[in-house]
Amino acid sequence: PAAQALAQVAAVAAADFEAELAADVLGQPLLTLAEPWRELEAAQVLQRDGYVHEMLLEAARRGLPEALRRPLHARVAHCLRRRGAEPQRVAVHFRAAGLWLEAGETALAAAARARSLGRLQERLERVHEAADAFAQAGQPAAEFEARALEVTARYALDGPAPALALLDELLPLAPHRQARVRLHLERAGLLLSQYRSADWAN
């Protein structure tokens, strides 16, 4: 049973798997994993950083019931977050667990990290994922804010025209007057930026 539990954690954690994480997820002292780890290594199932072969990993994932897979993904996500893992790694597991609110929050954190590193495409992708996650969570206010942030991310990456198109799609979804006013002001700024770009080009 101990070896099976360790193998199941390895299947769910995948690229995030390591001994310390497994101990944290299973709620056991690290040294208690020594025997089941040796057993799995002897059977050529596990190595230091996970499954020996990708085929074994996929087979283990398929063999894990959904009723176990989701809670394990949730545990992995919470443990990774406690250990200070990159937000995107955490968000992946929250999505797999169906914890959409947490997935949205960590995707936004991943977007902020991408922005700080100058990774504009990655930032846009993470913001879009956050908006989708909030939609799945039934959080329209959070979804709207993420969609508004997506406009800003699109502008930073592709300029005013694509950002304007995205903003015009978002305007009818504004939940209240204050949000509509904010979007109209942002739209005016994008139009001005577009005009200046055209003016400079000429």
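Mentor: Accessible areas here come from the Shrake-Rupley method with a 1.4 Å probe. On that basis the chain exposes about 11400 Å², and carbon and sulfur atoms supply 54% of that area. Keep in mind that this is a predicted model.

Trainee: OK, and how much of the chain is buried?
Mentor: Of its 202 residues, 37% count as buried.

Trainee: What's the secondary structure like?
Mentor: There are 11 helices and 2 strands.

Trainee: What share of the contacts comes from residues 24 or more positions apart?
Mentor: Counting contacts with a separation of 6 or more, such pairs account for 49%.

Trainee: Switching to helices. Which residues of α6 are buried?
Mentor: In α6, which runs over residues 87-97, the buried ones are Pro87, Gln88, Val90, Ala91, His93, Phe94 and Ala97. An α-helix has 3.6 residues a turn, so residues three or four places apart point the same way.

Trainee: What covers them?
Mentor: The cover includes α1, α5 (66-82), α7 (100-116) and α8 (120-136).

Trainee: And what does the backbone do just after α6?
Mentor: Gly98 sits there with a positive phi of about 75 degrees.

Trainee: Which residue has a positive phi of about 55 degrees although it is not a glycine?
Mentor: Ala14 is one. You'll find Ala14 in the loop between α1 (2-13) and α2 (19-26).
Trainee: Is Ala14 buried or exposed?
Mentor: Buried, because its relative accessibility is 17% and the cut-off is under 20%.

Trainee: What about Gln44, what's its phi?
Mentor: Near 55 degrees, a positive value in a residue other than glycine. Gln44 lies in the loop between α3 (34-42) and β1 (46-47).
Trainee: Why does Gln44 count as exposed?
Mentor: Because its relative accessible area is 60%, and exposed means over 50%.

Trainee: Last one, on charges. How many positive and negative ones are there, and how far apart are their mean positions?
Mentor: The chain has 24 positive and 26 negative charges, and their mean positions are 4 Å apart.

Technical notes: Residues numbered from 1 in each chain as written. Predicted model: local features only at pLDDT ≥ 70, side-chain atom pairs only at ≥ 80, totals over all residues. Heavy atoms only, no water. Helix = DSSP H or I, 4+ residues; strand = E, 2+ residues; numbered from the N terminus. Buried < 20%, exposed > 50% of the residue type's maximum accessible area, 1.4 Å probe, protein only. Contact = heavy atoms within 4.5 Å. Lys, Arg positive; Asp, Glu negative; His and termini not counted. Charge placed at Lys NZ, Arg CZ, Asp CG, Glu CD.
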